[in-house]
Protein chains: 2
Amino acid sequence: MATATGPLLGLKVLDLSIIVAGGTASSLLADFGAEVVKVERPVSGDPLRYWGPFKSSQSPGETGGIERTSIWWKVHSRNKKSVTLDLNRPEGQRLLRGLARKADLLIEGFRPGTLEEWGLGPTDLHRVNPGLVIVRFSGFGQTGPYKDRAGFGTIAECMSGYIGMTGFPDSPPVLPPIPLADEVAGVFGAMAGMMALYHRDVLAEPLPDPFSMEYSEYAAAVVKPRVKRGQVIDVSLFEPLFRLCIPHITMFDLLGIVRERVGNDFPDAAPRNLYLTGDGRWLGLSATSQSTWESLARAMGLPELLKDARFRNNAARLENREALNQVLQKWIGQRSVNEVMEQLVPSGGVVAPVYTSADIVADPHYQVRQDIIEIEDSELGHTRMLGVVPKFSDTPGSVEHTGPRLGEHNYEVYRSWLGYSEEDIDELVRHGVI
Amino acid sequence: MATATGPLLGLKVLDLSIIVAGGTASSLLADFGAEVVKVERPVSGDPLRYWGPFKSSQSPGETGGIERTSIWWKVHSRNKKSVTLDLNRPEGQRLLRGLARKADLLIEGFRPGTLEEWGLGPTDLHRVNPGLVIVRFSGFGQTGPYKDRAGFGTIAECMSGYIGMTGFPDSPPVLPPIPLADEVAGVFGAMAGMMALYHRDVLAEPLPDPFSMEYSEYAAAVVKPRVKRGQVIDVSLFEPLFRLCIPHITMFDLLGIVRERVGNDFPDAAPRNLYLTGDGRWLGLSATSQSTWESLARAMGLPELLKDARFRNNAARLENREALNQVLQKWIGQRSVNEVMEQLVPSGGVVAPVYTSADIVADPHYQVRQDIIEIEDSELGHTRMLGVVPKFSDTPGSVEHTGPRLGEHNYEVYRSWLGYSEEDIDELVRHGVI
């Protein structure tokens, strides 16, 4: 792999969370060069290691059994280091405090109160490292009447308001095909962690203005040791997705509007829908501004639509949406997906086929954008994987390795972070602490 | 409003983008205290101002016409300042360079190449402010064969792979009910912008170790002016959502799996679905780990399910998913949503009703978490709106005001950022530059 540095090179992150949300935050930070140490339970590790589907391979060595490797784990934990640590044991808790002393950011996803029971709550952690930024993931947040409820992403999606609006009026609401609430929460967590670090290191105590004082006074002020204070960020799974449902609370409050399922039309503009091509592909089409609508009609070779009173402006198109959808479906249904794309795209038509993974891998734009990278892995062999998003001009980030084996970095991390000797570490293993 | 400071107080952001993606990034930064100046076209302003639904009100003054205020605009542009500026005119471009000189971060969303045509590309902007971080939003990114195509969120969603997996096998794929691709791109943009700022101000040129040199040498090194370099971040609309489809490219590459629509079941674990209660409400339920499944069966008063070979472990439950869904639907369908919640939640059942905006506003958890705030607005009157997400312990952020009137902050910003006098500004208005 090319070793392109990421913007976060040098930042140290401890990730105590399991499954998806916290891991999304740490995955994004790791893509951009942060040193992310994933702290896992000894023996079993993160439950994500047991999520299917699996790649099966002959295990190395003489026994030659079959090993199953989780694709989810290998992608989601790329660029991270794995150490094992039993947080239920006092020796494990002491070790964690040692690691926390060296870290900039700690991510956790236990039920609210669990860290505190272990003597590892924010107060305890700030005693050893006042500058530690702590990002806490949980189903319902650290406060409020539901905080002790079990909460998975599905529940958060239902409660956020997002699901009630997704799907067709005559069929059930539709859940997302990915752990959407967890992942959106993860991105919010990474963003919020960066904000808190920026606040801690740059904005909290601004440097004095050098022109406002004598040079010696300024130099003294600048070199004065500052206690950097890290804060605690409470990220629930339901609130980030709720935050993306931007206007609905206010629409309800002021106008009494309760948005329900409206299928693939857009409630406030037309046309916007999916249409089926002659060769059986779904195609997204959006022409919700007057100019895109007019250029669409011309590109379709149907300029008469522009004189049709039913479609003359957005209000008319909304009123006659069904007729409009029929016109578009008829035209698109008579052509293959390639014919539609070739006829509409050059004149500015806003259309795209609904892609599968196979389409994505074959698409030249994805290739040129380096959205799909290739990597060699001891467990998976040679494989492709999604690349780094978004694209930084100077420090693009990189994928250095896929998800590590359980405890793969015990020696490296306990030695370099805590100064332990090989014997110390073997001793911890023998006692089941790591 | 209480003036709780956000972590980003003092950070200056210029937002040149229109509609949703860039505005999501700047909205999140503004919620946490960044000074966000939205640069809008004179006279018409951001197209989001014309997105329905609208609150109608009597306009002030003697003419007493009816004013329509966009709910989308008022929520999405909260906490931001509005200045007008015609970027097509040389005087407008000069003014923008002046503003950019003072900013930390610039957000834009024009078609690739547009800023450059105006003499406002990254090279031009870095000439006046080498430290400016520039976040560029576009449908397909700044490079690659599709970069000049028109791209809205719908198209990005189709191309990301997300839509092809959303919905039921026997009905069309389902589009999201919110501008999901734009908004996810916005959160990625805010995160990436913070990473680039942190890199610029903290990590790019680390301070020397004070113990490695003499005090005077250290003091000199520390106060030496450093040129801070801002970089350019290229955020497309299709890649962030693609990035959240974590394992699918690798699943396809290694195992040939092409994930298609599977409805509301989860492909790798059961039960996870929506069920209809006796009083006609949809309810999300997830019991995908063995322990949540066992406690669910007991909480339902159906311990015999645990002895049923069809449901004894996840593999069996997956194989007999239809029978399992029938058992659960039957039990839930005989009870009201409240009865189900009351019986299942106390014993750890992972269930929640599908909420509408009306449910959210009535929910005590949302209230306690301050997810819904109240605010007084000159155009909307007294209204409710979603709060600040996520929750910071020390610098929680706040909502100070709703979306501004067009050019509301011309005097304030041109005066305080550029030192213009009231007469200078009036002159710019007269010439239609602002």
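Reply: Two strands pair if DSSP finds at least two bridges between them, and strands (E, at least two residues) and helices (H or I, at least four) are DSSP runs numbered from the N terminus. This is a predicted model, so to speak of a local feature we need pLDDT of at least 70, side-chain atom pairs count only at pLDDT 80 or more, and totals for chains, interfaces and linings use all residues. Residues are numbered from 1 along each chain as its sequence is written, while chains are lettered from A and ligands numbered from 1 in the order in which they are written.

Now the sheet. Seven strands form it, in the order E5(A)-E2(A)-E1(A)-E6(A)-E7(A)-E8(A)-E14(B), and it is open, with mixed pairing. The edge strands are E5 (80-84) of chain A and E14 of chain B, each of which pairs on one side only.

Look at the end with the chain B strand. Strand E7 (residues 133-138) of chain A runs parallel to E8(A), joined by five bridges, and Val135(A) has Ile233(A) as its bridge partner in E8(A). E8 (residues 232-236) of chain A also pairs with E14 (residues 391-392) of chain B, antiparallel and over two bridges. Find Ile233(A) again here: it stands opposite Phe392(B) in E14(B).

That takes us to how the two chains meet. Residues are in contact if their C-beta atoms, placed from the backbone, lie within 7 Å. The contact takes 130 residues from chain A and 129 from chain B. On the chain A side, helix H7 (residues 180-203) gives the largest share, 16 residues. Of the interface residues of chain A, 99% are also interface residues in chain B, so the copies meet through the same surface.

To compare the copies, they are superposed by least squares on the C-alpha atoms of residues with pLDDT of at least 70 in both. A rotation of 180° with 0.0 Å of shift along its axis puts chain A on chain B, with an RMSD of 0.1 Å. The two copies are thus related as by a two-fold rotation axis. If you want to find that axis, go to Met191(A): of the residues of chain A, its C-alpha comes closest, at 2.1 Å.

Another piece of chain A to look at is helix H10 (residues 248-255), which is mostly covered, with six of its eight residues buried. (Buried means 20 or more other C-beta atoms within 10 Å of a residue's own, exposed means 12 or fewer, and partly exposed is in between; C-beta atoms are placed from the backbone.) Those buried in H10(A) are His248(A), Ile249(A), Thr250(A), Met251(A), Phe252(A) and Leu254(A). They pack against parts of chain B, among them strand E3 (54-58) and helix H2 (71-76). Just after H10(A), Gly256(A) takes a positive phi of about 70°.

Further along chain A is strand E10 (residues 282-286). Five of its five residues are buried, so E10(A) is largely enclosed by the rest of the structure. Both faces are covered: Trp282(A), Gly284(A) and Ser286(A) are buried on one side, Leu283(A) and Leu285(A) on the other. E10(A) pairs antiparallel with E9 (residues 272-276) of chain A over five bridges, and Leu285(A) has Asn273(A) opposite. Five residues sit between the strands of this hairpin, where Gly280(A) takes a positive phi near 80°. Three bridges join E10(A) to E11 (residues 351-353) of chain A, also antiparallel, and Ala352(A) in E11(A) is the bridge partner of Gly284(A).

What packs against E9 and E10 of chain A? The buried residues of helix H13(A) do, and they also pack against helix H12 (314-319) and helix H14 (337-344) of chain A. In H13(A) the buried residues are Leu324(A), Leu328(A) and Ile332(A). They cover an arc of only 60° around the axis, which puts them on the same side of H13(A); the arc is that of the directions from the helix axis to the C-beta atoms. On the face turned away from that buried side you'll find the exposed Glu322(A), Gln326(A) and Lys330(A).

Last, zoom out. Chain A has 18 helices and 14 strands, and buried residues make up 49% of its 434 residues.

Methods:
Contact = placed C-beta atoms within 7 Å.
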